[in-house]
Amino acid sequence: MRRVNRNERVRVGLTLNGRKLAADAEPRTLLCDFIRHALGATGTHVGCEHGVCGACTVLIDGVATRSCLTLAVQAEGREVKTVESLAAPDGTLNALQQAFRNNHALQCGFCTPGILMSFTDYLSRNPHASETEIRDVLSGHLCRCTGYAGIVAAVKEVTKSSP
Amino acid sequence: MPDQLGKPVLRKEDPALLSGRGRYADDLPIAVGTLHAHVIRSPHAHADILRIDAEQALAHDSVWAVITGEDVRKLSDPFLAAVKTPVQQWTLAVERVRYVGEPVAVVVAESRYIAEDAAERLSIDYQPRDVVLDPVQACKSSAPLLHPQAGTNEISVREFRYGDPDAAFASADRRIAMTVPFPRLSFTPIECYVVVAQHNAAENSYDVLANFQGPFSMHPVMARALRVPGPKLRLRIPPDSGGSFGIKLSIFPYIVLIALAARITGRPVKWTEDRIEHLVAASSGPNRVTEIEVAVGHDGRVLGLKLDQLEDYGAFLRAPMPGPLYRMHGAVTGAYDIQNVEVKNRVVLTNKMPASLIRGFGGPQLYLALERLMHRIAIELQLDPLEVIRRNLIPAQKFPYRTAAGALYDSGDYGRAVDIATGDGRLADLKKRREAARAQGRHYGIGFAVVVEPAMSNMGYLSTLMTPQAREKAGPKNGAVSMARLTIDPLGAVTVTADVTVQGQSHETVLAQIVAQELGLSADEIEVVLELDTAKDQWSIAAGTYSSRFASGTAVAAHMAAVAMRDKLKAIAAKQLNVLPDDVELASGKIRSRSNPDNALPFGRVAGTSHWSPVMLPEGTAPALSETAVWTPPELEPPSSDDRINTSLTYGFIFDMCGVEIDPVTYHVRVDRYVSMHDAGRIMNPMIAEGQIRGAFAQGIAAALYEEFTYNEEGAFLNGTFADYLVPTVGEIPDVEILHHHSPSPFTPLGAKGLAEGNCMSTPACIANAIADALGAQDIILPATPRRIHELLQANQKFPSPLAGEGREGGGAVGQNHSRTPKPPPPLSPPHKGEGNSKPRA
């Protein structure tokens, strides 16, 4: 276990969307702040810092995690995936992203990255999730614009068409 | 090229937002050396500031400044307000704090973490004062005064009379009255406030980025506070903003605060609001207590309406308040044909956060009272609630309909819309479900609500607040300017800019559809740039995104600019095609002769002519392709000398109908079925329209069942996190069957009406009526939480049956058995002693 002094700045290295990156952080630096401002990947958003709204959800070693409730030092050496990893390099949207567009599943887009990451994790383990299961996962996220119906429809479009 | 308008075109905004390439305020690069601010907030609801000791905080290395009310008072002027009172508000508390969470000081340091550390070392001594939270109590002379120099907390009272209400009430068979409170809540956007400010000392000018939403009538308010002329406050709006729902108007005091911080430190300063700050002090809608009474015949026909609306705006009346009272003023009779009206509008201040813009903007408060009373009329007269509604609806042949208070309803067929919505077995099904449930002793109820949804505010509506004599002196105020600009570059690429800010409403897509429709292109060929910059863009006091003004305003300006551009291109092409302009059409990316389509030129070639070869332009045609449309509709007149005001340009209609069942064990209200009929005139993009309606519906459900800002008796705020303030998740939002009826607006060339606030207005009333039906209860206080439903079931309110003959004739309605004051809502979580709900600061 690495010991870090309270006021010490330390080098934190991790793999972000397949690329090895490192930057300085304090022990108290939140992972969401680290990803956004130290590593410059601003697709992850911060809505509450209390672990309730879900906008900051990222994958750590494939598991959906609230990056506002995780310290940067905890992600040392881990595989972090954020919304920037979903589309193809040329910008082509993946099936989940395209389904969100087809079903008007976003308006302001601020909560969307967190929701996409939760379902990226969940559908990888349960590709044919039922509507009840979809709603259950989605209940971990707050969206103020859409009223959720489009989001449920989008994920259902993916679960129906996935092989 | 198939029609672009009216189609569910997929959004141009989505690819970037779906792949993490959104450009929200906190994502944008900031200047090297930018400092970070942390706001210290009052833990007391009402207290004098005795002393602020910043020595320890300033001793913390890399802290650049601690700014207090005294600094702000020296460097800036109090904010202008709509009501002329001696109440003064700066961007920090001066001498006294008046609500928990009120900004008291700002620490500026090299990082937000360090600024928060330093804040822990700031010691502020307060002398607590008595607190008043309830609007009715605050009006009493015995109540603690928030602003001694104002002499009262009730800082504005205005009375209006239209038609002959006294005669109506004297002659009516019955008078029925109710007291209907509406809660204090906020549609908190998931992205909080962000401000980045720079100060140019040489010119004493400011350059500020902020996710402000408008209206830009606030720009002069900010510039005046900063003591600079408008052009020296450059305000930039980021391309993306994470929702607003009216709340991001109230960022304006922080724009001034962070601008002053930049001036004081000589460095750019950035401030990002966190969730606790947002919940405790950003903004909220005003809560209201309405005393409403009708003069009604035995047949349920309403002859006269009286409203006493007491609205609680918290500790300060910020511009443009008391908007919610006056935006709905013209539509105070809703969808009903009532010409005898008496209205009393009262503004009161209490020890709560200042209230301001919020989606629905006065509609939810008005229609909860009006629609609950219409339901009540049916109960008392033993009529069918839907019949009472139908009997009073404005008949189709009376449109455009001038209401008693002066609104000019543009178009509608209210009865027809109700027929369609209740038809196809929908109402019959609801009644069947109710019968089946009641047969098993279950609590099932049906509710209705009709609302008229105003869109695009007349910027003069707030002056109705002034007396006619005062208006005469000050000069008339009216109108609402919409602006859009279209330019075509040398290779024929089309760009649109317009006077709206973006918070997720899909303006980019719909503007592209409007322009593509006229130029014979496809929406994805149109570039739309909406990052409003007051130094470079055209804007007016009406610019911004509020009052659902897009469809009735900016969309029209864009259409007009596109039509002007189309006609210019026709003239240019006609010469080259050797035909008359009337024979030219723009279609499928070509500009061609209508009678001989083979005689055609690519769009880009014709557009290029005016750049590369102005010599080929027809006589008198100006070079360059830039069309700006500036539009203000004539219907938006100033308030008349007898206080009639057409507050908005277009008026949509909504009929909602729902069935609810109340669980006798958990007391939870389950929405069994919900139908919502909308008449918003012409729909420009059905997919986007449905998204706006579903979003407003979810917020209507939130107000009806879940969300409320609660305070304990000491004024401590009890909803500091999303665990205490119940924003509904997917589990709490029932399905809604959305139906459409189309009465195009005759007042705009597009015929489209703003439709984004309707269900915020109709859904709370419809749910409340259904609960009243399910429980046979009268005083439905929202949000109808399980705790409140339990109290209703306990109270077991009995209806005095009309035959009971308790001196009913002519007397006030029975049912006045409740005191005027709504019981303060019991706190959802155990009350906090002493400290405010936010982290102890001082």
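The expected span of a helix is 1.5 Å times one less than its number of residues. Helices (H or I, at least four residues) and strands (E, at least two) are DSSP runs, numbered from the N terminus. This is a predicted model, in which local features need pLDDT of at least 70, side-chain atom pairs count only at pLDDT 80 or more, and totals for chains, interfaces and linings use all residues. Residues are numbered from 1 along each chain as its sequence is written, and chains are lettered from A and ligands numbered from 1 in the order in which they are written.

A residue is called buried if 20 or more other C-beta atoms, placed from the backbone, lie within 10 Å of its own, exposed if 12 or fewer do, and partly exposed in between. In α17(B), 22 of the 29 residues are buried, so this helix is largely enclosed by the rest of the structure.

Helix α8 of chain B (residues 252-265) has 14 residues and reaches 20 Å from its first C-alpha to its last, close to the expected 20 Å. Twelve of the 14 residues of α8(B) are buried, among them B:Phe252, B:Tyr254 and B:Arg263. After α8(B) comes B:Gly266, with a positive phi near 70 degrees.

What follows α17(B)? The next residue is B:Asn578, whose phi is positive, near 60 degrees. B:Asn578 is not a glycine, and it lies in the loop between α17 and β22 (584-587) of chain B. With 8 other C-beta atoms within 10 Å, B:Asn578 is exposed.

A positive phi near 60 degrees also occurs at A:Glu49, again a residue other than glycine. A:Glu49 belongs to the loop between α1 (31-38) and β3 (57-60) of chain A and counts as partly exposed, with 19 C-beta neighbours inside 10 Å.

In chain B, β10, helix α7 (residues 218-225) and β11 make a right-handed β-α-β unit. The crossover is right-handed if, with the strands pointing away from the viewer, the path from the first strand over the helix to the second runs clockwise. Strands β10 (residues 205-210) and β11 of chain B run parallel and are joined by four bridges; two strands pair if DSSP finds at least two bridges between them.

Strand β11(B), residues 233-236, has B:Leu233 and B:Leu235 on its covered face and B:Arg234 and B:Arg236 on its uncovered one.

The loop between β10 and α7 of chain B holds B:Pro215, which is joined to B:Gly214 by a cis peptide bond with omega of about 5 degrees. Another cis peptide bond joins B:Phe399 and B:Pro400, with omega of about -5 degrees; B:Pro400 lies in the loop between α12 (385-392) and β16 (401-402) of chain B.

## The two chains and their contact

The table sets out the extent of each chain.

| Chain | C-alpha span along principal axes |
|---|---|
| Chain A | about 50 × 30 × 25 Å |
| Chain B | about 90 × 75 × 55 Å |

Chain A has five helices and five strands, and 51% of its 163 residues are buried. Chain B has 21 helices and 28 strands. The radius of gyration of chain B is 28 Å, close to the 28 Å that the globule rule gives for 842 residues, so chain B is as compact as a globular protein of that length. This radius is taken over C-alpha atoms, and the rule is 2.2 Å times the number of residues to the power 0.38.

Two residues are in contact if their C-beta atoms, placed from the backbone, lie within 7 Å. The contact between the chains takes 43 residues from chain B and 43 residues from chain A. Helix α19(B) gives the most to the side of chain B that touches chain A, with seven residues.

A:Gly150 lies in helix α5 (residues 149-161) of chain A and is buried, with 24 other C-beta atoms within 10 Å. Leaving aside neighbours within four places in sequence, A:Gly150 is in contact with A:Asn103, A:His104, A:Ala105 and B:Gly691.
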